[in-house]
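Open the model in your viewer, keep the sequence panel beside it, and follow the stops below in order, selecting the named residues as you go.

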Amino acid sequence: MSKYTEEDLEKDLATKEYEYGFYTDIESETFPIGLNEDIVRAISKKKEEPEWMTEWRLEAFKVWKEMEEPDWANVHYEKPDFQSIAYYSAPVAVDPNKTLDDVDPELLAMYKKLGISVDEQKKMNNIAMDIVVDSVSVATTFKKTLAEKGIIFMSISEAIKEHPELVKKHLGTVVPQKDNFYAALNSAVFSDGSFCYIPKGVRCPMELSTYFRINQAGTGQFERTLVIADEGSYVSYLEGCTAPSRDENQLHAAVVELIALDDAEIKYSTVQNWYPGNAEGKGGVFNFVTKRGLCEKNAKISWTQVETGSAVTWKYPSCILKGDNSVGEFYSIAVTNNFQQADTGTKMIHLGKNTKSTIISKGISAGQSQNSYRGLVQINSRAENARNFSQCDSLLMGNKCGAHTFPYIEAKNKTAQIEHEATTSKIGEDQIFYCNQRGIDTEKAIALIVNGFSKEVLNKLPMEFAVEAQKLLEISLEGSVG
Amino acid sequence: MLSIKNLHASVEDKEILRGIDLEVKPGEVHAIMGPNGSGKSTLSSVIAGKEEYEVTEGEIFLQGEDIGELEADERAHKGIFMSFQYPVEIPGVTVTNFLKTAINETRKARGQEEMPAKDMLKMIREKSELLEIDRKFLSRSLNEGFSGGEKKRNEIFQMAMLEPKLAILDETDSGLDIDALRIVANGVNKLRSKDNAVVVITHYQRLLEYIVPDFVHVLYNGKIVKSGTKELALELEEKGYDWIKEEVGV
């Protein structure tokens, strides 16, 4: 009878491997490394953008040059050298007017490896998909079906050309160019991303989905997503991410802007599985993302995220509750293992009357990882009867990891009601023995306990995604057979 | 069924079991009694395969097979079930989901297919009726916010669902009022058959009024110092444990 100790548990947990760590040899066109005005112009030119877009980028670049990389987050890493990154990489032979049949067969093979057969996905799950590899959108499915309802779902590069009035009106209104260091960088160099517009009163009949993949070495990926839900409309949007295993760190700095006009609702779900680095903490993706949504009157935005990847995560999907009676929600599961570091949470900015926000955050730390929740609940002076409920739960495995909670609450109106609950628990040997005694092995027992812990958030995901996320949680903490 | 030979076990280098011999045949109920700290709970944990305990000497056989080297989950697959004195809570995992996982993992280990949902539902219905368990209870998180009585009843319900060969009831009577005790004991009695065996570990004679043992053993200082029939339990109830201590010369 062997003794199964905390140390064994840690050791077992440390053996998981990243299954998306392959690299596909597709021909790519990559810009020289480094960043200056010429590169910004070149990206814009490459994408055949109108003058206003080029100027917008240059403005962002000017601001960025003067900014400093933030270091207030509870993460420690060697700051990337922004002059040694290539800011544009695209699989060649991408024709903007392509159909699925024109897609490079190597690319399609890669999707298959990722478990997405574009064809299957769109048929079986009724999900319209936009796939972004390295920097360029390569396949948008289901465009026609959506167009019948007046829904626009395409890459942002196409949207800039085809719907400049919409892009020009909304781009940067929620996350301005100078918002923060990474948002400014993204504004200057973003190469692609997804654009979505739901017309007045339309309920989008299917899940819209974007799949991001970093493939090339030494490139940064900077997507820009803009979702506009016009008055009284509804859309559910999914986002998934993977990257090859590489020794060096790869940079990912995306910006997502959501705009929910009066009475509209946007559900935005993310399953983030960027390469987390190896068991010694080498390599992995730096994920520095700005996500923010704006709610007008009676509008609602829900962020749901399952974060299992990346070496370093810096991400705070937020809601600006501008309109009266608007609702913001944030549901998050963040798993860190080995040497991963995550500083993630949300900001709920209550501006309108009777605004409501809910925050449910579940942090799971294993190995020697550090997992921080950072959240701001701000009630402005005009926000009568604003309400917030926050719950932050942390689950620890082993003795070498850390869980941290940094809740910030600013209430400037006396009628505000704010509740905050926090718990920290540990997967105990007793729980594992109990499961073992019922015939459940240690690995399965951990998966069961973690899924139970995360249930409130998993329940918020669309069905197909929830199953995938559940599997992902299992894989992320895999290898625990004693 | 269960055969224990000269079992010595220690935790953190402290010897707790000092040579236990025990023979349990199919269809039998054995009670193991003893004062606090005599090693009762250690014995049940060691049989179930808890990692913290190190077996330094001796052997444990289940149906003739030496299970000494098996992990706890493998022993469970062989048909050992332990009702915990302090069942743990697993938030967010319903009783049903937990049982489903336990049953299917056990079937998988035995090379069987997963139990079809229809069969599982039928079995849950039958066993919950047998044990007078409210169906609402099954959708609650495992042991979370359960009363003492509910926790113990849930243990016996799991036992009913898993249909073990050998059930060890570790202080199942602790924390139960008389009504809960009767329900739990009735449950155990209904599950008894000529093919399974039960080891009841208890401090008091009370539970043995309901689950009547064939044999009673007194554990003291890591050894079985006296064995007898159910009358021995009554004698212990009346006189306490001190006379045993005197008798074995401590």
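Two residues are said to be in contact when heavy atoms of theirs lie within 4.5 Å of each other. Keep in mind throughout that this is a predicted model.

**Stop 1: chain A as a whole.** Of its 482 residues, 62% count as buried, and among contacts between residues at least 6 apart in sequence, 84% join residues at least 24 apart.

**Stop 2: a covered helix.** Now select helix α9 of chain A, residues 181–189, where nine of nine residues are buried; among them are F181(A), Y182(A), N186(A) and V189(A). At the start of this helix, look for N180(A), whose side-chain oxygen comes to within 2.9 Å of the backbone nitrogen of Y182(A).

**Stop 3: a loop.** Move to A279(A), which sits in the loop between strands β13 (265–272) and β14 (284–295) of chain A. Is A279(A) buried, exposed or partly exposed? A279(A) counts as partly exposed because its relative accessibility is 33%, a value that falls between the limits of 20% and 50%.

**Stop 4: salt bridges within the chains.** Over all chains, a search of the whole structure finds 24 salt bridges. Begin with R41(A) and E37(A), whose side chains meet at 3.6 Å, N to O; both belong to helix α2 (residues 37–46) of chain A and lie four residues apart, about one turn of the helix. In an α-helix there are 3.6 residues a turn, so residues three or four places apart point the same way. Go next to R374(A) and D343(A), where the closest N and O atoms are 2.8 Å apart. This pair links distant parts of the chain, since R374(A) is in strand β21 (residues 370–379) and D343(A) is in strand β19 (residues 341–350), and R374(A) and D343(A) are both buried. In chain B, select E105(B) and K108(B), which form a salt bridge at 3.3 Å between the closest N and O atoms; here E105(B) is buried at 9% relative accessible area, whereas K108(B) is exposed at 56%.

**Stop 5: where the chains meet.** Show both chains and select the residues in contact between them, 22 from chain A and 39 from chain B. Together the two chains bury about 2700 Å², of which 61% is on carbon and sulfur atoms. Two salt bridges are counted between chain A and chain B, and D430(A) forms a salt bridge with K50(B), with the closest N and O atoms 3.4 Å apart. On the side of chain A that touches chain B, helix α10 gives the most, with eight residues, and the residues of that side divide into nine nonpolar, six polar and seven charged.

**Stop 6: the nonpolar cores.** Which residues have the most contacts inside the largest nonpolar core? They are I364(A), V450(A), F98(B) and F157(B), in a core of 86 residues, whose largest share, eight residues, comes from helix α11 (residues 442–458) of chain A. Centre the view on F98(B), which touches residues of chain A including Y434(A), I440(A) and L448(A), and residues of chain B including V93(B) and L142(B). To finish, select L258(A), A264(A), M348(A) and Y373(A), which belong to a second, separate core of 34 residues.

How values were computed. Residues numbered from 1 in each chain as written. Chains lettered and ligands numbered in written order. Predicted model: local features only at pLDDT ≥ 70, side-chain atom pairs only at ≥ 80, totals over all residues. Heavy atoms only, no water. Core = buried A, V, L, I, M, F, W, Y, C linked by side-chain atoms within 4.5 Å. Buried < 20%, exposed > 50% of the residue type's maximum accessible area, 1.4 Å probe, protein only. Helix = DSSP H or I, 4+ residues; strand = E, 2+ residues; numbered from the N terminus. Buried area = accessible area lost by both parts, 1.4 Å probe. Salt bridge = Lys/Arg side-chain N within 4 Å of Asp/Glu carboxyl O. Nonpolar A, V, L, I, M, F, W, Y, C, P; charged D, E, K, R; others polar. Polar contact = N/O pair within 3.5 Å; in protein donor to acceptor, adjacent residues only side chain to side chain.
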